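Dear colleague,

Please find below the structure that I am handing over to you. My findings follow directly after it.

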Amino acid sequence: MAKDFISNLSGPWLESLHATWQRDSAAVPEEWQHFFSGFELGSQNGGTSKPGTVDEAFALKQSGVQSLIYRYRNIGHLLACTDPLSPCQLEHPLLMLSEFGLDENDLDTVFSTRRFNRQSATLREIVATLRETYCREIGVEFMHIQEPAERQWLIDRMEPRRNRPELSREERLQILEKLHEAALFESFLQRRFPGQKRFSLEGGEVLIPVLDAVRVACPAAGISDMVLGMAHRGRLNVQAHIFGKHYENIFADFRDTLEFGFQGDGDVKYHKGYSAGIELPGGRLHLTLSPNPSHLEAVNPVVEGKCRARQTRYGAGGAQRVLPLLIHGDAAFAGQGSIMEVLNMSQLEGYGTGGTIHVVLNNQIGFTTLPKDARSTRYATDVAKMLACPIFHVQGEAPEAAVHAARLALEYRKTFGRDVVIELICYRRHGHNEGDEPAFTQPLMYRQITTRPPANRIYAGTLAEAGFDASELKDIEQRIQDRLESALQTEPKTAKIGFQQQWSDIGREYRPAGSGTGVPADKLLALAQALTELPPGFTLHPKIQALINKRFEAVMNGNGLDWGNAETLAYATLLDEGIPVRLSGQDSRRGTFNHRHCVLHDNNTDTTHMPLAAAAQGGASFQAWDSLLSEFGILGFEYGYSLETPNGLIIWEAQFGDFANGAQVIIDQFIASGETKWNRACGLVMLLPHGYEGQGAEHSSARIERYLQLCARENMVVATPSTPAQMFHLLRRQLKQPFRKPLIVFTPKSLLRHPSCTSSLEELQRGGFREVILDSTDTFGVTRALLCSGKIYYELLEECARLGRNDIAIIRIEQLYPLRKDLIAEIVKTFPPGVRLSWVQEEPENMGAWPHLRHYLTEVAESIRYVGRPEDSCPAVGSHRIHAEEQSAIIRAAFAD
């Protein structure tokens with residue numbers, strides 16, 4: 001049967017597989033590894049071995065050795081001693097010698113090896129090397145990496161040194177100092193500020209020497225900026241011992257005596273961010289810790305966006321200069337879907353950051369939930385395998401191993417520009433916070449933890465056993481204690497308040513109106529002409545060619561500019577002024593509704609052309625990215641990008657407006673409240689398609705009411721532009737006003753091609769965005785006024801014309817927040833006495849703008865009537881027929897006596 005199998009094989013295929021094995025044995029299935037190992041050994045012996053001979057037996061053992069080497073690399077982590085709370089596993093059935101046709105009698109036999117650290121070795125030496133490399137304090141998962149060169153790179157750096165660091169005396173003392181700082185800081189806070197939440201790092205103190213090792217190695221790796229994101233656990237410790245935040249300022253936070261230094265609500269001490277420039281032996285490093293709410297892992301895409309913006313600003317080589325480092329909890333890394341979204345960005349052209357170092361601080365427990373109830377995988381980090389990146393599982397009480405993994409991770413990131421994961425397996429000495437009792441739910445686990453010495457004591461004992469002077473070790477500890485006691489008696493240092501760096505020229509307070517945003521006609525014509533130019537031989541789809549021609553003709557004729565035309569000209573004029581523009585979202589290059597087409601495709605070759613890139617001047621750039629199918633992650637990314645780009649137009653567009661529901665945490669916790677909590681302004685623009693056209697509950701409403709509910713203290717701008725010219729001026733105003741606020745724009749769908757929804761070139765030349773619009777200045781005969789916003793204006797206008805009602809005025813409120821009550825009041829004052837006012841909207845009464853505006857509108861008029869759909873739990877009906885009936889009823893009610 002075996003003979004039949006061999007005879008049926010394709011000769012070329014077998015030769016090709018053999019050649020692949022010769023390049024990299026791990027690249028072929030394990031059974032073929034055995035076959036080729038035996039084949040080559042037989043060839044080396046002249047091919048004279050026969051079945052049942054000594055040569056054949058040795059060949060089988062030789063192939064077994066190669067299989068053993070492969071398997072240790074593949075699953076050796078299963079034997080690694082990485083859990084400080086569990087005894088070490090000594091054997092694994094899949095790693096027994098008998099699994100490979102070997103036994104103890106073969107231990108002193110010399111075998112040839114391929115892709116090992118030497119060409120031949122005894123089996124005893126081979127096993128020792130593999131167990132010391134993969135089965136000690138570091139377990140490594142890397143054989144799932146698909147690139148052979150990456151796997152071999154890791155092998156070459158792990159096996160020769162047995163995954164042990166080469167540390168000098170000074171480096172080992174530095175590790176001890178960082179462990180002492182981490183541990184003594186926490187115990188000091190516990191004594192001096194009992195009962196206060198701090199989300200202690202105790203049990204996971206190894207994080208501090210790990211971050212210190214990365215920090216110290218950054219300058220030599222060409223890194224000038226490191227941006228960190230982390231949750232609350234250990235945050236104060238990181239601020240103190242990695243960023244150098246003064247102890248006295250941290251103590252002032254505990255005493256609650258430190259003023260915010262800005263007008264806002266502030267935040268709890270374990271959510272705040274921090275930044276610092278520090279001098280290291282290899283050079284200067286700028287560190288940033290992003291503020292983070294309690295929503296675990298929400299900060300991750302924000303950090304990635306901040307890093308990408310800095311990398312873009314630095315230009316060529318920027319990806320090497322800026323390092324994102326994210327610190328995760330084990331339960332959150334396995335449980336939060338945002339982890340997958342952020343990992344998925346890693347290798348995407350529009351969102352990659354040159355590789356992120358992920359540090360998972362594995363406490364082996366969530367709040368009170370054990371791993372068996374929190375995940376379906378062996379490791380908390382298994383989701384990271386989607387990137388085929390290396391994962392280092394490290395014993396949390398082995399700081400030297402952890403430092404080695406950190407250095408190797410940084411080197412891997414520099415070499416391959418890919419993510420890497422370090423899991424620090426430790427424990428949490430207290431409950432979820434210091435006031436929580438963990439023994440209620442994990443009595444045995446915490447009985448063991450209570451009696452366990454802290455990591456700094458264990459490592460101090462290790463150094464003492466290694467011959468370090470006891471007094472020297474004690475002096476390190478005493479110096480830290482003295483610093484803590486001294487800082488407690490010291491006044492806090494004055495911190496820099498206000499916007500820094502590129503934000504220094506940006507104002508803080510919202511101001512209505514502002515300078516005009518019009519653009520001269522000759523400039524608009526020149527840009528429109530440039531947007532029609534194509535590379536030589538570039539062939540467009542006939543319909544797209546017709547669209548571009550139509551847009552240019554509209555500019556030439558001075559009228560009939562549709563939405564896509566005016567929006568494109570807004571980007572072009574900003575780019576021409578040296579202002580960068582970044583547009584990101586699902587299908588944003590074309591536009592969900594086929595209106596934008598900012599990236600053109602050759603109809604024959606599928607090559608692309610971006611006309612707006614030609615408009616960029618003064619170092620500006622135009623970026624347009626079709627994002628992964630994510631809302632939470634991408635909106636967080638663009639928010640982070642906008643924090644670093646106050647002088648650029650940064651836009652996130654939802655496919656449909658209510659798709660932003662999937663990013664509600666980013667909207668609530670960052671966009672709406674980031675400035676009042678953390679003094680972090682942003683100018684991010686959100687484009688949310690909105691309008692009732694009978695497409696059902698999920699494709700109608702962008703949930704205007706939710707954004708207006710978040711509005712207070714002029715924290716953001718909410719607008720519903722009704723014409724292309726209004727959109728043009730609104731986008732330009734975002735960069736022309738002296739302050740930055742998030743801009744929420746409810747954009748149209750059917751109006752993109754509505755014959756009445758066009759603007760003239762003159763409207764783009766003069767004035768600016770109008771917050772409130774009254775079409776006619778003649779209000780003498782007005783008997784009724786209809787206030788509205790968005791698409792329904794055109795339906796009211798059409799009905800008004802059909803009925804010949806010249807006595808009805810239509811007022812468009814284009815900016816829903818901050819509401820220009822003064823402008824509305826000025827218009828109402830021009831009406832004759834007794835004019836009846838109605839608010840007309842498409843949305844149900846408990847949705848849309850009405851719940852927010854009704855209070856403000858009654859300040860302008862004594863009474864105002866509501867016209868719209870009745871209250872509902874659903875934004876819209878699913879039947880197009882019923883939708884049309886409801887829409888007609890709204891229009892009839894608006895004009896009814």
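Ile-634 has 0% relative accessibility and therefore counts as buried (under 20% relative accessible area, with exposed being over 50% and partly exposed in between, for a 1.4 Å probe and protein chains only). This is a predicted model, in which local features need pLDDT of at least 70 and side-chain atom pairs count only at pLDDT 80 or more, while totals for chains, interfaces and linings use all residues. Residues are numbered from 1 along each chain as its sequence is written, and side-chain values use heavy atoms, leaving out hydrogens and water.

Ile-634 belongs to helix H23, residues 632-643 (helices are DSSP runs of H or I, at least four residues, numbered from the N terminus). Not counting residues up to four places away in sequence, Ile-634 touches Met-345, Tyr-351, Ser-584, Ser-627, Leu-628 and Trp-652 (contact means heavy atoms within 4.5 Å). Trp-652 is 18 residues from Ile-634 along the chain, and their C-alpha atoms are 7.9 Å apart.

Yours sincerely

Definitions and conventions
Helix = DSSP H or I, 4+ residues; strand = E, 2+ residues; numbered from the N terminus.
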